[in-house]
Amino acid sequence: MSARNIVFLGEVGSGKSSVINLIAGRHVAEPSSEAKGGTLNIVCYTLSFSPSDVQVNLWDTPGWHPAEEKDTKQGQAMGEVDSLLQTLHATEGIHLLIFCMRMGRALSSFVKMYNKFYSERAWCKIPVALVVTWLEWTRPTMHTWWENNWTSLEKQKLHFHSHACVTTVDDKKDGKQVSQNRLRKLVLHHIPTESLSHDAFCPGPEDGIQASVTGVREVLWSAPICFPTLPQRTQNDVLIIVTGPLGSGKSSVRSLRSSDSTMD
C-alpha cells in the first residue's frame, strides 16, 4: 500500500511543525523561532502507524511570510512548494492539503495563500482541511472557535472539507491528548469531498484512536530534474521527470541514462 501524502501549508508561526510533532508523538520537526520564519527547506516525515500498518508522508513546507513576498529566498521557497504540489499531483497524488492557522480571523494574506496553492490550481478537487492552533485557552471547548468563525470563513470563500481545533501545549484539561487524537484521525482517514461535513473529526468522539507511531523517517525534498529537450524534437520524444529527496541518486540516474543513449 502506498503512503498517504499530507501537505502542510501555513504562514510563519502558524504551528505546522508543532502539529507534525504532535502527530508523530515525538520531536521530529523544528518549529520556527525567528521573526522571518524557520527553515526554507521542504521536509518529508514518513510515519508508520500500527496496528493498521499505514504509512503517512507529512510534508512540512516553508512558512508563508506576507511581508517578505518580494524577498528572493521567500520567492524561491514558495516556488519549491509549488513544484512539490505539481510533482505530487502528477505522480503519487495528494491525499490531503492541511492549512494551519493561529486562532483569530483569517487575514487577507491567508486568503491569498489559500487561493495561490489550492482554489486556483488543478488539484482544487482534492480534500482540504483547516487546523486551527493556539486554542488552549478557548472556552468552553477548543471547538468553540469553529462554531464562532465558520460562517466568516465561508464568506471569504475559504471552503474546507474538514477541520481540527487543537493545541500543541500541555494543559490541565487534556487538550493536547484530544488534539493528537483529532489530528491522527485527520491524516489517517479518507475525507470525502462530496460534502462539507466536519463532525467526524472535530469535535468528533473523544475516545481516542487506536494507533501508535512505530517509525519515523526524515528526508529533504528537492525539485525534479528534467532531462534537456533535444535540439530537434520529434513525436517520439519523451519528457522524463526524475524526483526524489536529496541524496537519493537523481543525478546518477541522469548520468546513467545519458551513457545508455550514447551506446544506442
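I counted the secondary structure elements and got six helices and eight strands. Helices here are DSSP runs of H or I with at least four residues, strands are runs of E with at least two, and both are numbered from the N terminus. I read the order from the N terminus as β-α-β-β-α-β-α-β-α-β-α-β-β-α.

I noted the source: a predicted model, with pLDDT of at least 70 needed for local features and 80 or more for side-chain atom pairs, while totals for chains, interfaces and linings use all residues. Residues are numbered from 1 along each chain as its sequence is written, and side-chain values use heavy atoms, without hydrogens and water.

Next I looked up burial. Of the 264 residues in the protein, 47% are buried (under 20% relative accessible area; exposed is over 50%, partly exposed in between; 1.4 Å probe, protein chains only). The exposed surface comes to about 14,200 Å², with 52% from carbon and sulfur atoms (Shrake-Rupley method, 1.4 Å probe; for residues, only the protein chains shown count as cover).

Then salt bridges. I found two (a side-chain nitrogen of Lys or Arg within 4 Å of a carboxyl oxygen of Asp or Glu).

D82 pairs with R121 at 2.4 Å, N to O. The partners lie 39 residues apart, with D82 in helix 2 (residues 72-90) and R121 in the loop between helix 3 (108-119) and strand 5 (128-133). I checked D82 and it is buried, at 16% relative accessible area.

D170 pairs with K176 at 3.8 Å, N to O. D170 is exposed at 66%; K176 is partly exposed at 29%.
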